[in-house]
Amino acid sequence: MSFTPKLNGIVTKFADLEKKLLDPSSLGQNFARISKEHSDMIPVVALIGEYKQAQKELADIDEILPSTTDQEMRNLLENERFDLTKKIPDLEQQMKIALLPRDAADEKNAILEVRAGTGGEEAALFAYKLFAMYQKYAEKKKWKFEILSISDTGLGGYKDASATITGRNVFARLKYESGVHRVQRVPETESQGRVHTSAATVAVLPEAEEIDIKIEEKDLRIDVFRSSGPGGQSVNTTDSAVRIVHVPTGVTVSMQDEKSQIKNREKAMKVLRSRLYEAERDRADKERSANRKEQVGSGDRSERIRTYNFPQSRVTDHRINLTSYRIDDIMLGELDEFIDALTADDQAKKMSEED
């Protein structure tokens, strides 16, 4: 197998890391990094061990089988051989996936932003449904879903809404959700039963820490103003709302949900940091992908990625041509069918690039 030297190199490196961790005091500031690197390698090394053991067992059977005359023993060995010839390619596939270059942001928490697009109040109602769908998905995954801001229409819809989602591998699971989501349904106000089409945009950003991206205070313009509710009416008598503009890029974030100006500023900075971090990731990804016809996982938000057709109970993801007729379950947060398929598709594309 062509990547056997690579596997041996991983096992050697893992053993070297284990040796270093026996004396943590000698590692100083590198202890946390080396410990994490060691921890990340454990599943891969376990797979390699299982793969090598299966190869050894197959080689042993191939050596013994020709000279085995007892029929019962031959049958047993042939059954074992059959199982191993199926198991080894499966382990090879698992290792290829495990050895793919990892997105550094996969383990991060995420900031979810949902905005109503074309379609007026119908689009706002759909944005509300999408936001609730992701909240339910987070609950199923036992992730923490904390609302950052909501701008509602006063009629049950959302102009825009954002939240932080905290948990294990949040960004890895949700990063494929970024894009334009289209809905086709009959509005409650439609007397003739005509299907209307509207849209909402979803952005999933890896939550950036200060260590990920440095923002200079001199590059910020910060305005404070009074919070306003639907229709523009004042809901706060103090200047607690905050608008932060990152002057070099023009990225602007407003936050007004909290009564405290300090809390609104903290939330706004969290979103700003994540947007700038994602912009930097996109720039780097486009550079790496310059020679590719198709960008994998670029999160291009100008493209329609999914359609939700309520009259037909149908949801279609246009990137992988996957259709499900379980729209009610999906709106209740049953998203794994799509996310698993999108993850597998991304892995397949990356493996074809590695070959």
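Predicted model: local features only at pLDDT ≥ 70, side-chain atom pairs only at ≥ 80, totals over all residues.
View 1. β1 covers residues 110–116 and β3 covers residues 158–166; 6 bridges link them in the antiparallel sense.

**View 2. Strand β1 and its pairing with β5.** β5 (residues 196–206) is joined to β1 by 7 bridges, and the two strands run antiparallel. L112 stands opposite V204 in β5. Of the 7 residues of β1, 5 are buried, so the strand is largely enclosed by the rest of the structure.

**View 3. The open sheet of 8 strands.** The strand order is β2-β3-β1-β5-β4-β9-β10-β11, and the pairing is mixed. The edge strands, β2 (144–152) and β11 (322–324), each pair on one side only. From one strand to the next, the twist averages 15 degrees.

**View 4. Packing of helix α1 against helix α2.** The axes of α1 (residues 4–21) and α2 come within 9 Å and cross at roughly 135 degrees. At this angle α1 is therefore oblique to α2. The crossing is left-handed. On the α1 side the contact is made by L7, N8, I10, V11, K13, F14, L17, E18, K20 and L21. On the α2 side the contributing residues are F31, I34, S35, E37, H38, M41, I42, V44, V45, I48, Y51 and K52. By class, this contact of α1 with α2 comprises 14 nonpolar, 3 polar and 5 charged residues.

**View 5. Packing of helix α2 against helix α3.** α2 (residues 31–64) and α3 (residues 71–98) pack at an angle of about 150 degrees, and their axes are 9 Å apart. Angles over 145 degrees count as roughly antiparallel, and α2 and α3 are therefore roughly antiparallel to each other. Their crossing is left-handed. α2 contributes V44, L47, I48, E50, Y51, A54, Q55, E57, L58, I61, D62 and I64 to the contact. From α3 come L77, E80, R81, L84, T85, K87, I88, L91, E92, Q94, M95 and A98. The contact of α2 with α3 has 14 nonpolar, 3 polar and 7 charged residues. V44, I48 and Y51 of α2 are among the residues in contact with α3, and these three also take part in the contact with α1.

Note on methods: Residues numbered from 1 in each chain as written. Heavy atoms only, no water. Axes fitted to C-alpha atoms, helices over the stretch in contact; angles between N-to-C directions. Helix = DSSP H or I, 4+ residues; strand = E, 2+ residues; numbered from the N terminus. Parallel < 35°, antiparallel > 145°, perpendicular 65-115°, else oblique. Left-handed = near helix turned anticlockwise from the far one by under 90°. Contact = heavy atoms within 4.5 Å. Nonpolar A, V, L, I, M, F, W, Y, C, P; charged D, E, K, R; others polar. Buried < 20%, exposed > 50% of the residue type's maximum accessible area, 1.4 Å probe, protein only. Pairing = 2+ DSSP bridges.
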